[in-house]
Amino acid sequence: MKTLLVSLTLLFVCCSVFGQTTISGKISDQKGTGIPGANVFIKGTYDGVSSDENGKFNFETAAANKQIITVQALGFKTQEIEIICSGKPLSIQISLTESIDLLTAVTISAGAMEASDVKKSVVLKPIDIVTTSGAMGDITAALLTLPGTSTVGNDGRLFVRGGDASETSIFIDGLQVGNAYGSTAANVPTRNRFSPNLFKGSFFSTGGYSVEYGQALSSALALNTLDMPLRSQGDLSIMSLGGGYTQTFVGKENAVTASANYYNLAPYQSLISQKFDWEKSPASWDTEIAMKQKWGKSGFIKAYAHTEGSSMTIWQPVPGEPGRGDRVRINNRYSYGNLSFRQTGKNDWSFYGGLAYSHNRDLINLNYEPIRQINQVGHAKVVATKDFNPQFSLKNGVEWYLKSFSEERIDDKLKRGLHDHQLNHFLETDYYFSNRLVFRGGLRSGFSTVAKHYWLDPRASLAYKLNNQGQFSIAAGKFHQLPDEKLRVLQNDLQNAEASHYIVNYFIVNNNRTLRAEAFYKTYENLATYSGTDQAPVRIAQTGSGYARGADVFYRDKKTVRNTDFWVTYSFVDSKRKYSVYESKVQPSFAPKHNGSVVLKHFVSRLKSQLGTSWSWNSGYTFNDPNLPGEMQSKTKAYSDLSISWSYLPKPNMILHLACSNVLGRNNVFGYKYASQPDETGFFERTQIGQGATRMIFAGLFITLSKDKTANQLNNL
Amino acid sequence: MKKSLLTIILIFAVMVSVFAQETSYQNVMKTEIAKLDHADSLNRFQQSANAFSRISQLNPKEWQPYYYGALAYIYQGLDGASSLEKRDEALAKAEELIKKAEVISPDNAEIIALEGFKVMAEVSADPASRGQTLSGKVMHNFSKALKIDPKNPRAAVLMAQMEFGMARFFNSGTEKACDLVKLSQRSFEAQNEETLKAALLPTWGKNLADKLSKVCQ
């Protein structure tokens, strides 16, 4: 018995000695630096260990003969090597190669500014768009605090780097939006029609953007709508200018949001004195419905429809003439529909695209003479992307555009119109040489049936990430855009204007501080020129050209001052162009040389409040004074606006928001309108183009009704 | 005699090996869960995450290895000394594992509560810019978990912690938070920890409940 026990023990000891192989070694990167926390194990067994701080490891395995060692580490490609376990200690050195990790890899930041909750290289969060003081819930106004833009107070649209407002194209879920701004009279500022709380993020580029975006000379703004809302809820808003209600229903695989709003400025304008001479204050209604449907595991279908109507009647003084001046009445009906999808296929294919259509009808009465203008934009798009490997992907897209415009003088039944179909194709590749270096190159081609004209837009960019998280990007490319439909309807054969962009960018985000600096050079060819006025152009030609060059800086800091988030922007633009009615290359009225803004948000938890202020400034707008020799030779005084806002959360589901623009009461001037004929003394009289009111005061109460008491409307501010 | 002994030994040996095969998953899991319970450093959490990853490659049909692996990454994501990038990297890994667990075991209150815990960690990594947008998602996950399993002590105690934050912010009463803490404590007491451990089910969270209950007294 004893002998048996001894022999048994011996057997066990011998077997365990014989069966165990000790494996040790070091896991390192390509430079030989140890990788800590790597998972090293024998495939198909539990035997394994994590590497220590120096990348070293040591473990035993009972496995015998041929085995495979697997090494996994975050940020590196998994590696497998074959070993023979014979009971003899094994020593292995394994060096891993870095994997392309889109979460931390370099991104192309030339020209681009993203607002997103998920991505790294963002300058804004979606919520910033709604909480920026002075923006009053207008997406465009919030973007005007970013570099590369100029505030043009009598227009309200986006002006980017010496380009006019038509040079920025706006997309929702990748599909173009026609007439994204409300219709308005000349020199009465407009707003973006779409509420910021529809969107989960945005991509705003001030140049050098992807070949995916066409028919935009200066800038692209891509807005992405929310995916699935969290819960069913109702949102009620009561504002000094109107009110609205939104209801959301959420199912397991789908959701519907419907909303209706009504605004009327009459009560407000009767309380607070206005500088504009309103006969009928602006009033509008809008209603929209958004549907989301999950499609399989990773796909999504979204449908969105928006329709609205607005009207206003205003008297605008005519220089040199007594009385109220011109009576302008505008009645607008607008509808936009968008159906989009995205889906992931097999073998690393993914697809997205959709259909969009907008219809805009303006009934304009200038001194009781009615004109009807109808704008239609249709857009269909399909894009397929293939990721051949983590380094290399290819995007291939086809687009069709319908651009239609008609205008009619109703009394004399005079009508003219334009129906243009445009076909586009684009091909773009992203190639990551490493996590530090990425190249993007693309080619966009197009054809217009009315202009009977082909064009090609080659574009490329390169980004390199430095050791300190900072990165450099460069971008260059060609951009084409057909002249405004209001000109093309008069002369059908007008061809594309062309712009070339060259951009150098430095971008760094570190520890809640962001710095972005960019220099650019842009040239324009083939710009439309004409004589007469903007309303009645004659002798239209495409002999214009110009340039814009400059630099801008953006700094954002959420760290230095406790509970305070601020950003500072400065943009310098030196731009001259011969275009529209300009007879020579001059600085256009919408491109002030120096532009700046400061936005500050401070959270006071004791008061349950967010206090905000923003200041925007520029060095003044050029204008043409016919009493002086030369063209566009004069400049207004500097523009400056200091706005403040206060958001108060008495309860989680209730927000009170108060805001006031131009608190200092500065009389900003955006230019002058001159008489078309001189008076007896040979002098051209003028009237000032200014603000509609010294200040704009806004008060609103937002209440969320849902079973979940913590739901709030902070996103709706 | 010798023959019979040999037979017994042989049978015994075979039994041992069969037994070992059947329970090696259980044993390894139990050891690793205990290790994770006592882990207190980034290194240890990463070791745990790696260990669970080794277990899941052999047992891809079990949700628990993914669950505990995700938990080990969430603990890393909560480490205040790490950079935001590192914390997000760990939480992205947690997300990936939670998704895998969900496919195996859909509508599982534990996994949904863990998802809430992960989003909570994302908020705590950058509260200033994520608090407003993500807090709703956190609460949504916890209430969804409690709807499926009204006695889930982890969903209750984590929700209590969120409620405490909210009560502090709005300067309101902590009744709701304290009710949740009590619910959580009752559930912790009612359950048989050994049975849960034997079934490899989660048992963590009691310390937090005890800590929060002191605030309520």
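Two residues are in contact if their C-beta atoms, placed from the backbone, lie within 7 Å.

**Stop 1: chain A as a whole**

Select chain A. Its C-alpha trace spans about 130 × 55 × 45 Å along the principal axes. The secondary structure consists of five helices and 41 strands. Of the 717 residues in chain A, 39% are buried. Among contacts between residues of chain A at least 6 apart in sequence, 59% link residues at least 24 apart.

Next, colour chain A by confidence. The mean pLDDT is 91, and 95% of the residues of chain A reach 70 or more. Select residues 8-17 of chain A: here the pLDDT is below 50, and the stretch has zero contacts in the model beyond near neighbours in sequence. Then select residues 713-717 of chain A, where pLDDT also stays under 50. For this second stretch the model has 20 contacts beyond four places in sequence. Where pLDDT is low, the predicted coordinates should not be read in detail.

**Stop 2: a sheet in chain A**

Select strands E9, E8, E14, E15, E12 and E13 of chain A. In that order, these six strands form an open sheet with mixed pairing. Which strands stand at the edges? They are strand E9 (122-124) and strand E13 (175-176) of chain A; each has a single partner strand, so one side of each is left without a neighbour in the sheet.

**Stop 3**

Centre the view on Leu221(A). Leaving out residues up to four places away in sequence, Leu221(A) touches Leu158(A), Thr168(A), Ile170(A), Ser202(A) and Phe204(A).

**Stop 4: chain B as a whole**

Select chain B. How many helices and strands does chain B have? The count is 10 helices and zero strands, and the pattern along the sequence reads α-α-α-α-α-α-α-α-α-α. Buried residues account for 39% of the 217 residues of chain B. Among contacts in chain B between residues at least 6 apart in sequence, 60% join residues at least 24 apart.

Now colour chain B by domain: domain 1 covers residues 1-125 and domain 2 covers residues 150-217. Where the two domains meet, domain 1 of chain B contributes 12 residues and domain 2 of chain B contributes eight residues. On the domain 1 side, H1 and helix H5 (109-125) of chain B are the elements giving two or more residues. H5(B) provides the largest share of that side, six residues. By class, the domain 1 side has six nonpolar, three polar and three charged residues.

**Stop 5: where the chains meet**

Display both chains together. In this interface, 28 residues of chain B are in contact with 27 residues of chain A. On the chain B side, at least two residues each come from helix H1 (2-38), helix H2 (42-58), helix H4 (84-104), helix H6 (127-148) and helix H7 (153-170). Which helix gives the most to this side of chain B? H6(B) does, with 10 residues. The chain B side divides into 10 nonpolar, 13 polar and five charged residues.

**Stop 6: Lys137(B)**

Finish by selecting Lys137(B), which lies in helix H6 of chain B.

Apart from neighbours within four places in sequence, Lys137(B) is in contact with Leu230(A) and Val119(B).

Terms used: Residues numbered from 1 in each chain as written. Chains lettered and ligands numbered in written order. Predicted model: local features only at pLDDT ≥ 70, side-chain atom pairs only at ≥ 80, totals over all residues. Helix = DSSP H or I, 4+ residues; strand = E, 2+ residues; numbered from the N terminus. Buried ≥ 20, exposed ≤ 12 C-beta atoms within 10 Å, placed from the backbone. Nonpolar A, V, L, I, M, F, W, Y, C, P; charged D, E, K, R; others polar. Pairing = 2+ DSSP bridges. Domains from an automatic or database assignment. pLDDT = per-residue confidence, 0-100.
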